[in-house]
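This report walks through selected features of one model. Have the viewer open as you read.

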Protein chains: 2
Amino acid sequence: MVSAKKPVTLGLIGFGNVGRGVYEIIHTNRDTIEQRLGRPVVIKTICVRHVAKYQVENIRVTDVIDDILTDPDIDIVVEVMGGHEPACDYIKRALEHKKYVVTANKDLIAKHKKTFFELAEKNGVDIFFEASVGGGIPIIKSFKVGYSANQIESVYGILNGTTNFILTQLYEEKKEFSDALKAAQDKGFAEADPTSDISGLDSAYKIVILTAVALKRNIQIEDVYYEGIADIQYTDIAHLDTFGYRVRLIAKAKRVASDSVFVAVYPTAIPAAHPLAMVRNEFNAIYSTGNMVGESMIYGKGAGSLPTGSAILSDILDIAFDSSTHRSRRNLESHLNDARVLPMSDNRSQFYMRLSVQDAPGVLQGICTKCNDALVSIKRINQYETRSDCMDVVIITDTICESVFTDLKATLLAEPSVYGVESVIRVGL
Amino acid sequence: MVSAKKPVTLGLIGFGNVGRGVYEIIHTNRDTIEQRLGRPVVIKTICVRHVAKYQVENIRVTDVIDDILTDPDIDIVVEVMGGHEPACDYIKRALEHKKYVVTANKDLIAKHKKTFFELAEKNGVDIFFEASVGGGIPIIKSFKVGYSANQIESVYGILNGTTNFILTQLYEEKKEFSDALKAAQDKGFAEADPTSDISGLDSAYKIVILTAVALKRNIQIEDVYYEGIADIQYTDIAHLDTFGYRVRLIAKAKRVASDSVFVAVYPTAIPAAHPLAMVRNEFNAIYSTGNMVGESMIYGKGAGSLPTGSAILSDILDIAFDSSTHRSRRNLESHLNDARVLPMSDNRSQFYMRLSVQDAPGVLQGICTKCNDALVSIKRINQYETRSDCMDVVIITDTICESVFTDLKATLLAEPSVYGVESVIRVGL
């Protein structure tokens, strides 16, 4: 693909799980991204420890970090190697070389955010870290822009997919902790050494970042009380269920006064009707309260190479939107394609219907026969007596075309034993 | 407040519910906004039909639209008058005068988005409309930036708070439609004439906008099938409940092929475990699937002057971030304030605890006495026999300080009849 405009040119430090996610997204969604941005995004160089292990078409693979840091062609350095050193040193040097930096490294952002921000400002660039909390969830951008006119009062996050998966297994499968952990490991949701997840430390790092982003306060990981889920037993989850509660590992940050906050991570029983209670399996969610917008929640996949890569690319595009021209492309494309809207008759869904029918032998069988003749299979059926000579029949069909349902309804209404179709509601998204 | 930098200067067209929300936020959160942006946001002029009705300190109130459109001081025109004309004409003229425009007007954006975008581009400015869908929820920004590297496959929205409130009342209060509508009107969630909400038309306008923003396709309101909730009866909601479904008014937009989409609004029965099923009362939520990020949901208040004002201000700040300097302030402030983190011992919450105790007369009474002595009131208590001489006592306390609970736990453990405190889980956010 040739573009008249200079591509946004990346250097990747590291090419593990997340780095490969970034690569895959750039390749799979090339057209979407280029349309959105007005120019392509290109990975020019990847720096790894063992060059021989990697071969990537059209990309230079090096073990010399300066091949990225001193390349004037490279606009944005994407740090996806993880760990503390040398990643921290590389980020600092990238900023000093006036490169924008995008990173998924939660430990480094939590620990060195102030140093990084100051270094970025001094060098007229910036550091973005959407992927460091909540995987693909645009939580950092929501606090930075979406809720920017609010004073955020509190943030409650389910920030670790491994522990939430385990808690879901405890509750739904009635498993004990060790079996649930094994299930998480089998599904690839938990590391071989899951200590950082299970202990709450991973969530603690992330809530330190959200305290900076949402509450605008700089705190240290050492100040955060954290407690994990290793002691949670099925029996307590069951007891709490009878009282109407679900247990989640909640990372909490709350403004207390202008100079003090409360920040902690611990298993928390929350009312079953609370939005955070519906967050199941490996999903993450952040529930916050702003003094103007009120309660909000953002929910999505907190880990995985593609969701994390999606967040990294959103940062890359965000930087590119800003740094290109005065007129932002962050808004919609001005040239929207028209599209044909399919007619409702082509829509496919399951259907719930409530029929009012004669209470007589053979009536239910007649309805089933009509459905069968129309090639509509019945997934659920209940019948209720309503008056002496009348009953309600409630049916949920299999997935069918709207036009098939319309015909079936007409056929049923033509039956003398069917007094009426009282309700129709489509089932399923 | 004096600032060395030129304030971001606004002209408001209209000063009803939403306009007053914008005014209130600018005044209440003045410091937060100025810190975020690096300069103040100021309303210079408000244009209304009847000048005599309004008097606002330090703001010029006019009925001459050109006082806003031709004022070189005004950077951003905020259209919050609503309706079709003259709002549409004013927006076009503002863009022609090279003003950025921010609007909450869903009808106009749905109908004239293409014209507006082209006019904006021609004049080197932009039009933002976060408040037009989902009130305070930053859904437009999430699609524009947060999920920008994704091809969005589908969007399912609860986009109308009035109808969702009514459906919640039907289900939870077992009300019939007319009573639930009255409750919504009493609470101020429904207009005196609720036709546009109830019929699904309001949601249809909004899904046309999300089709543009998420699926990048231009469709017309006339092409959208919509069906409201006036025919939904409690009996059907109850039947569907027994099958494990909840009924919501869902606005749906789905990519079918590169040139065609399916877009419709109708009451839909969704599985009770689906994230959209937990959206209760007047809340809105948008559930979407991107080809990289997977499933996401954003949830919050879909209406009200402050949530809507919050969205309008996020647009204003977003424009100001972009249009000021090369270096974006859209990222974090580089000067984060340090904060004191309160010790865990100061934390207040309810506590669940499971005690293993001797199965003997007076033991339960003894526990209650100890709680009473510690001034801890018991909200819930259950007891279960576990072995012949042993029972589990499960307690949920009232909200107390962590240190009070620690002392109580020690006191209970000192009792000979208490074999152990088997579990402790904090209850409530």
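## Domains and conventions

Domain bounds here come from an automatic or database domain assignment. For chain A, that assignment gives domain 1 (8-133 + 308-324), domain 2 (139-303) and domain 3 (344-427). The centres of domain 1 and domain 3 of chain A, taken over C-alpha atoms, are 57 Å apart.

The model is predicted: local features need pLDDT of at least 70, side-chain atom pairs count only at pLDDT 80 or more, and totals for chains, interfaces and linings use all residues. Residues are numbered from 1 along each chain as its sequence is written, while chains are lettered from A and ligands numbered from 1 in the order in which they are written.

## Strand 13 and the chain A–chain B pairing

Strands (E, at least two residues) and helices (H or I, at least four) are DSSP runs, numbered from the N terminus. Two strands pair if DSSP finds at least two bridges between them. Strand 13 (residues 294-301) of chain A runs antiparallel to strand 13 of chain B, joined by four bridges. One partner of B:Ser296 is A:Gly300. Another is B:Ser288.

Within chain B, strand 12 (residues 283-290) pairs with strand 13 in the antiparallel sense over eight bridges. The two form a hairpin with three residues between them.

A residue is buried if 20 or more other C-beta atoms, placed from the backbone, lie within 10 Å of its own; it is exposed at 12 or fewer, and partly exposed in between. Six of the eight residues of strand 13 of chain B are buried, so the strand is largely enclosed by the rest of the structure.

## Helix 5 of chain A

Helix 5 (residues 106-122) of chain A has 17 residues. The expected span is 1.5 Å times one less than the number of residues.

Contact means C-beta atoms, placed from the backbone, within 7 Å. Just after helix 5, A:Gly124 takes a positive phi of about 65°.

## A buried leucine in chain B

B:Leu408 lies in helix 14 (residues 402-414) of chain B. B:Leu408 is buried, with 22 other C-beta atoms within 10 Å. Not counting residues up to four places away in sequence, B:Leu408 touches B:Lys370, B:Cys371, B:Ala374 and B:Val376.

Note on methods. Contact = placed C-beta atoms within 7 Å.
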